[in-house]
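User: I would like to learn how to read salt bridges in a structure. Please take me through them.

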Amino acid sequence: MKTGERIKLLREEAGLSQLDLSKLIHINNSVLSRIESGKRPVEDHELKTIADYFNVDADFLLGRKDIQRINDEKKDYIDHVLGWTDEEKEIAEAVIQTLRQLKSQSNKPK
């Protein structure tokens, strides 16, 4: 999967239109459109901005890693150290997803 496709996937998972995301990260909408379609390479500062917004590793966006979230690499270690039950992990994941949705909704233009 190419960089633009990964950005589009993350954007759609967050329930954002191209226009919404472009406003949130202060990138021209036509630039974002060309990046997502593969017609324009993503510049370093844009890559950093997008990775930071979605809290993903820039290497994931570049296709160099299949792990999206920076913390996913440490998940097994954390699970072992904390000794969480499956139920506790499900609750924590639900809380995280709710917080992401609230963040996404609060960042949408009014």
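**Reading the salt bridges**

Analyst: Arg11 counts as buried, with 7% relative accessibility; buried means under 20% relative accessible area, exposed over 50%, and partly exposed in between (1.4 Å probe, protein chains only). This is a predicted model, in which local features need pLDDT of at least 70, side-chain atom pairs count only at pLDDT 80 or more, and totals for chains, interfaces and linings use all residues. Residues are numbered from 1 along each chain as its sequence is written, and side-chain values use heavy atoms, with hydrogens and water left out.

User: How many salt bridges does the structure hold?

Analyst: Side chains of opposite charge can pair when their charged atoms come close. The criterion is a side-chain nitrogen of Lys or Arg within 4 Å of a carboxyl oxygen of Asp or Glu. The structure holds 6 salt bridges. One of them joins Glu36 and Arg11, at 2.7 Å from N to O.

User: Which parts does the pair of Glu36 and Arg11 tie together?

Analyst: Glu36 lies in helix H3 (residues 29-37) and Arg11 in helix H1 (residues 3-13), so the pair links parts 25 residues apart in sequence. Helices are DSSP runs of H or I, at least four residues, numbered from the N terminus. Glu36 is buried, at 8% relative accessibility.

User: Which residues do salt bridges that share partners join into one network?

Analyst: Arg40 forms a salt bridge with Glu43, the closest N and O atoms being 3.1 Å apart. Arg40 also pairs with Glu46, with 2.9 Å between the closest N and O atoms. Through these shared partners, Arg40, Glu43 and Glu46 form one network.

Conventions:
Helices (H or I, at least four residues) and strands (E, at least two) are DSSP runs, numbered from the N terminus.
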